[in-house]
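Student: I would like to go through this model by question and answer. Please keep to what can be read from the coordinates.

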Amino acid sequence: MIQNSIPDIRACVPDGIYRTACELCPWGCGIEIHIKNGQMEKVRGNRDHPLNEGFLCPKGLALKDFIYSRERITYPMKKENGDWRRISWDEALDICAEKLEIIKVRYGPKSLAVAIGMPVLLGGNITVSFLRRFCDIYGTPNCFSVESICYRCRIIANILTLGKFPAADIAAAETILVWGNNPHESNPPAARNIDKAVKRGAKLIVIDPRKTASAKKADIHLQIRPGTDGALALGMLNIIINEGIYDKDFVSNWTIGFDELARSVAAYDPERVEKITWVPARGIKKAARLFAVNSPSCLVQGTNSLDQHINGLQNSRALAILFAITGNVDREGGMVTTSKLRVNPLRLPEKMEGQPLGVERFPLFYEVWGRAFGEGQAMALADTILTGNPYPVTGLIVSGSNPVLTWPNSYKLTKAIKALEFTAVMDMRMTATAQLCDLFLPAATFLERVELCDYYGTLHAVPFIALRQKIMKAGEAKSDMEFWLELGKRMGHSDLFPWNRVEEVLDYALSTTGVTVEKLKQQPGGITYGEKMIEYYKKKGFSTPSGKIELVSDTLKSLGHDPVPVYHESPESPVTNPAMAEEYPLILTTGARILEFLHSEYRDIPKLRKKCPKAFAEIHTSTARTLSVKDGEEVFLENEIGAMTITARVTEDILPGVVNVSHGWEDSNINLLTNDISIDPVTGYPLLKSLLCRIRKKA
Ligand SMILES: Nc1nc2c(c(=O)[nH]1)N[C@H]1C(S)=C(S)[C@@H](COP(=O)(O)OP(=O)(O)OC[C@H]3O[C@@H](n4cnc5c(=O)[nH]c(N)nc54)[C@H](O)[C@@H]3O)O[C@H]1N2
Ligand SMILES: Nc1nc2c(c(=O)[nH]1)N[C@H]1C(S)=C(S)[C@@H](COP(=O)(O)OP(=O)(O)OC[C@H]3O[C@@H](n4cnc5c(=O)[nH]c(N)nc54)[C@H](O)[C@@H]3O)O[C@H]1N2
Ligand code: SF4
Ligand SMILES: [Mo]
């Protein structure tokens, strides 16, 4: 039974205008919610917000449709004989508590896995730590998140190199290097900042196999073969070192391993790199010189387009080295970090039993120099469920994720989820993942809960935090935090969950900071917090074992990895596997963002869906001609793993021989054609962006 009328959604505050931060994608633009007659009347951009200055993208403008979507489910449900039955929260919490006790007694607590998705991460660090607190108390280390596929890889690469993870200071840059990022689709506030910088005279370099909106405005566009970015970065370093256009003082005072780096990059002369990357040597030289000389220069790196390769970590290492030796670290207009809120820790890791899956194989994913990220590598989960090796995993709770569409190898993952003894999902809609589960828990949206949005600093070089206030109420939907709080109490842990409301948890976490929920309420929409740390290393050095930037990494060496970045070809490429390339001659990159959607979300919003009604495979006009395929024609897309039908989109805006397919489509799920076997050896990131495929006409 699924409701099909608009559920009971209304304001829980008096009529008026309320400021908060949008969460329909990661960037947190400032918004104003207009409440009239007890309902949301409209949304407007917050002109005072430093990030978006009032501007909203189509998703933000469709917020009302998202909140009131007809597909929303606002009460718990239980699956019985294949059908969903509405139940009360009491019953839902009792079922969870009972099943979790059974799992613990039969198999031990680590037999429960929890998977959290993008929306929960966007709920801020306190939300994530709170959810992990539950896992700690229950005793399972197996709490996974989308960080097994997204973002963490480059954070680890930057920490290994500079001891921290800086962001691009676009507003003050002279040269902006946009590498594997399409901000007009995936990060509209950054796109606006880049456009503004270009207008004031900053130079723009774009490295992308597609002619994106930024590429079309760029001074230099390098149309690269997907997966060869490591070679290109080493080629640029080769030029910069050979021509002596790096920051010599900075390198000699603040880095270690320069000679070894120089020896290693000597093999990547521009002519050789041209053969690997398909980028003309002339372009490589021009880009390297511009970035090194016309500084300050910043790097706007795609969140994952360089990570989801077998070279994931080394790609980001090479890029960190590029901005480091050119003297752009902790520099206005270069790469900067901002001071962060140091909140009271909520986690109790001493209660955990053992280490999460994947740690043995990917220890640096779990922690670097005792700085624990603390998660296992989710790509190990499906195999563990299916084999019981190294121990049985029999229960799964999914909070705000749709892994059946968003994790690689959907066949295997579906099989694994079906094999579990207990599965629950917390979501707003009946997703492909929820359909496989035993229990559905209705989630509140970001307008229906209170949380601290504390990630602006890391993402935008804008030191800023904001309170998301509870403005609306939707049926029986609960926030993720409320659910874990109530489940903790229900399982007899009131002593370790001594709070009754989420606000109390926030105040407890904030008690070390001088910031309070009340204070934040007075400043709805956010307050600046902390500062940009310019030339910070002069005070404290770098937080690496050597105190300097590690161009050569002993940590990587000691674990058997390349100590300086080296390029390795994708296992699926015309170079490494010519036989496969004969059968599957096109290069497939997956997951390029579509402005109107967030991964598998918002296909239910007609206004947004109208702009992009179905999945498509983007190919160049010349590729289409060779295949005799026309724009809009239905074709077969195939590789060694699977096949699907998809609409061809024929364009001049992609490199010939490359196919681009986005993820998140339930009827055309590209993750049926990706696998979880080819991975980055340091972090376990899957290979999603340099695969081989073919396109065949249907008739
Ligand atoms: N509208 C929208 N915005 C989003 C999201 C969304 O789903 N929808 N998701 C959010 C999330 S979680 C993330 S992680 C970010 C992702 O953001 P990004 O990682 O920046 O992903 P894209 O914006 O798709 O940019 C990827 C660009 O990289 C190019 N590319 C593909 N393969 C390669 C390659 O091998 N090398 C190089 N150099 N380029 C390549 C593609 O052509 C594309 O133009 O976006 C965030 N923003
Ligand atoms: N092939 C391929 N696959 C990819 C990528 C790629 O580039 N290529 N990109 C990867 C990346 S970078 C990422 S980040 C992942 C994203 O992977 P996911 O996080 O799984 O992405 P979503 O599809 O956004 O799923 C979020 C789910 O949470 C629900 N939801 C929304 N708000 C809330 C809330 O507040 N609480 C709860 N409980 N639920 C909520 C939504 O309805 C939706 O079903 O996808 C990855 N998958
Ligand atoms: S870019 Fe759009 S969806 Fe993302 S936070 Fe801003 S308005 Fe919301
Ligand atoms: Mo992501």
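Predicted model: local features only at pLDDT ≥ 70, side-chain atom pairs only at ≥ 80, totals over all residues.

Student: What distance separates the C-alpha atoms of H599 and L405, and what is the length of the polar contact between the side chains of H599 and H663?

Tutor: H599 and L405 are 194 residues apart along the chain, and their C-alpha atoms are separated by 8.6 Å. A polar contact is a pair of N or O atoms within 3.5 Å; within protein, one must be able to donate a hydrogen and the other to accept it, and residues adjacent in sequence count only if both atoms are side-chain atoms. For the side chains of H599 and H663, the polar contact is 2.8 Å.

Student: How is the chain divided, and how much area do domain 1 and domain 3 bury between them?

Tutor: The domains, whose bounds come from an automatic or database domain assignment, are domain 1 (77-150 + 344-448 + 475-514), domain 2 (166-336) and domain 3 (578-697). The C-alpha centres of domain 1 and domain 3 lie 30 Å apart, and their contact takes 25 residues from domain 1 and 24 residues from domain 3. Buried area is the accessible area (1.4 Å probe) that two parts lose on being put together, summed over both. Of the area that domain 1 and domain 3 bury, 57% is on carbon and sulfur atoms, and the total is about 2,100 Å².

Student: Which side chains meet in a salt bridge?

Tutor: A salt bridge is a side-chain nitrogen of Lys or Arg within 4 Å of a carboxyl oxygen of Asp or Glu, and the count between domain 1 and domain 3 is 1. The rule for polar contacts finds 14 residue pairs across that interface, both residues at pLDDT 80 or more. The salt bridge, at 3.1 Å from N to O, joins K412 and D676.

Student: Which residues come nearest to ligand 2, and how far is its oxygen atom from an N or O atom in the side chain of K689?

Tutor: Counting a residue as near if one of its heavy atoms lies within 4 Å, 32 residues are around ligand 2, and T406, D427, R449, S600 and E601 come nearest. An oxygen atom of ligand 2 is 3.4 Å from an N or O atom in the side chain of Q308, and a backbone N or O atom of A444 also lies 3.4 Å from an oxygen atom of this ligand. For the side chain of K689, the distance is 2.7 Å.

Student: Which residues are closest to ligand 1?

Tutor: A nitrogen atom of ligand 1 is 2.7 Å from a polar backbone atom of S186, while a backbone N or O atom of N304 lies 3.0 Å from an oxygen atom of ligand 1. Ligand 1 is surrounded by 34 residues, and the closest are N181, D208, D229, R593 and F597.

Student: Where is P390 found?

Tutor: The peptide bond joining N389 and P390 is cis, with omega about 5°. P390 is found in the loop between α17 (381-387) and β18 (395-399).

Key: Residues numbered from 1 in each chain as written. Chains lettered and ligands numbered in written order. Heavy atoms only, no water. Contact = heavy atoms within 4.5 Å. Helix = DSSP H or I, 4+ residues; strand = E, 2+ residues; numbered from the N terminus.
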